[in-house]
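Please look through the sequence and the model shown here before reading on. The paragraphs that follow go from the contact between the chains to their symmetry and then to a sheet.

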Protein chains: 2
Amino acid sequence: MTIEPNKLPCSYFTEKIPLLLENGTSIVELTVAYESYGKLNKNKSNAIIVCHALSGDQFLASKNPITNKDGWWNRMVGCGKPVDTDKYFIICANVLGGCTGSTGPTSLDPKTNKEYGLDFPMITVSDMVNAQLRLINHLGIKKLLSVIGGSMGGMQVLEWAASYPEKLFSAIPIATSSRHTAQNIAFHELGRQAIMADPEWNGGDYIKLGTRPSKGLSIARMTAHVTYLSEASLTKKFGRRLQDKDEISFGFDADFQIESYLRHQGLTFVDRFDANSYLYITRAMDYFDLEKTHNKSLTEIFEKTKTKFLLASFTGDWLYPPSESLIIVRALSAGGVDVSFVNIESDKGHDAFLLDEPEFDNAMRGFLESVSKETNL
Amino acid sequence: MTIEPNKLPCSYFTEKIPLLLENGTSIVELTVAYESYGKLNKNKSNAIIVCHALSGDQFLASKNPITNKDGWWNRMVGCGKPVDTDKYFIICANVLGGCTGSTGPTSLDPKTNKEYGLDFPMITVSDMVNAQLRLINHLGIKKLLSVIGGSMGGMQVLEWAASYPEKLFSAIPIATSSRHTAQNIAFHELGRQAIMADPEWNGGDYIKLGTRPSKGLSIARMTAHVTYLSEASLTKKFGRRLQDKDEISFGFDADFQIESYLRHQGLTFVDRFDANSYLYITRAMDYFDLEKTHNKSLTEIFEKTKTKFLLASFTGDWLYPPSESLIIVRALSAGGVDVSFVNIESDKGHDAFLLDEPEFDNAMRGFLESVSKETNL
């Protein structure tokens, strides 16, 4: 990886007030790397946080300086787009534990002045949200118009709404779940085992030793990637088509397009992501269990909250299927919360929320417009 | 692995007539390791072949000498059981390419007198079936009462019925598919990449070099294992329950029971399976595409065959879902073939065919009894 955190062109917020973590330890010096789009209005009432997913970053709607590709949600966020940068001030921060500028395992540990590696404390989704809260306090934003996020981003949205309801007018958790299921944990564990089995991982000390567990991280990414796509989308996109050949080779090369595609996904990922960050962030997701953290039922957590919700799920998503969103929707309804829910017919799998889904775009646009009106934006 | 093929207590059949493979090469000296149960009747009309799945072996209904556990289908096969050893003569052979006695990558290459390793030729499901055909010819069996198999076993059943319809009265493909889908290939590719990323794999030469890619094979097994279980069964069996602790550890140890279970599955697998065999057999499955191999539509392949079929699928099986069995059932029906189909309501996932499913047992028993009557057994 050629990433040098703190050197990526984006905004940085650093604070030397310790951030207390859920595990009881602290981050002594917190840095949050973030990007913002649009303009914060005079009374600071048009701010939206977009929370990124496991492999995401702060480059939401601008060119990613590592990959030179468009921002990961360029489709959704921009001038005239559903999350309209002409109307809203949109912030996207690299999560705590990440590897694109925010404090994480690749950061320098102030105690030793060397990279944290596995000395980085275990972080949770709550800790990620608390780091974002520091950022919006710093920006002088008292209340967010909305917090939006898909997948792990959706978990952060739920945690925001559970812990700081007074800080948000609305919340949009997308393709997510209120807790990681055994199957979710299982797939993450495969990825972690692949990383930790790579001798180049060196017990997590690879930066100091000048090695990199590229093979392990690549397999972790391939594994995750399969879970992001539906069987139908894989069949439509690849089926049994061969890669640059007319006949099978009777060998272990990538005969099938799906193999070639997955290998490519793995290889490009290691250029932009840190293996230890991958371990920490997947673990935070596995630990995510809103009811357990708040020691209340979902209905109790959100009872009578004034935050307005839009939930979105996708029929072809088997990683965080619509049934998981429905559990949340039912709890919110039972708690008397204002909640809208769209279950989008799509065969694209979990990744649908990042792809072209006009019905989803319309729901996002409509909901944000209605919240804007209610808040007299 | 402490397996010494050719020394396991079972029957062996060896023939020095080259077996021509689908890839154009040959196996010069073929060994088939097999177990049999029950007695072959006088006119040799009560023989059934049971084909094992990817990680199976010939120890179908007798104690496995490697693991000291019961045979893998002890539930289904035995005295008074649906596949009744009092009535039928049941043969189960280790597949070509396997690692429990049949010719495979751990066998000695007659050319070099060293283990084949990656010099073993690529084999296909057709080649596996042709090796079994040699065995039944050797046993003097002209026609099999049935060929039965689940998962990769079911692929062998379909190939038996497609290539040698005159050799079987009936065929029972269970929880299987007529071709590997992109998703099926993807999961196998993850496993293969994990094995080949392990430096102990040594380009396939690990036996000669005295190493073993245990970590890679273990991850491959863990990956496959997740696909064998449904989300519902994982939730029921493990949910978010912790392993021997009351609170999460905020670390990378196996906090959750599902993690501990998967690690155990991986670790025990490497004691009984060879990594190169795993590569070859998964590749054979990926290459499986009945229509392509026979250059005909499924309907044309089976048109007017007199072989009677029973297909079984399980509603919770997302690896080879009921829709895949239905494709075969429809093609058979369109071809005027006598076909029964049971789609068993089960939340156990792909592994359901190995587990307690009374409705499935009854279908098996009933179908075999009816075939027995028709053949005047």
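The contact takes 41 residues from chain A and 41 residues from chain B, where two residues count as in contact if their C-beta atoms, placed from the backbone, lie within 7 Å. This is a predicted model, in which local features need pLDDT of at least 70, side-chain atom pairs count only at pLDDT 80 or more, and totals for chains, interfaces and linings use all residues. Residues are numbered from 1 along each chain as its sequence is written, while chains are lettered from A and ligands numbered from 1 in the order in which they are written.

On the side of chain A that touches chain B, two or more residues each come from helix H3 (182–197), helix H5 (214–228), helix H6 (231–237), helix H7 (257–269) and helix H8 (275–287) of chain A; helices (H or I, at least four residues) and strands (E, at least two) are DSSP runs, numbered from the N terminus. H3(A) provides the largest share of this side, 11 residues.

Chain A can be laid on chain B with an RMSD of 0.0 Å by a turn of 180 degrees and a shift of 0.0 Å along the axis, the superposition being by least squares on the C-alpha atoms of residues with pLDDT of at least 70 in both. That is the relation of a two-fold axis, and the same surface serves both copies, since 100% of the contact residues of chain A recur in chain B.

Within chain B, an open sheet of eight strands with mixed pairing has the order S1-S4-S8-S5-S11-S12-S13-S14, two strands being paired if DSSP finds at least two bridges between them. Strand S1 (11–15) and strand S14 (339–344) of chain B stand at the edges with a single partner strand each, so one side of each is left without a neighbour in the sheet.
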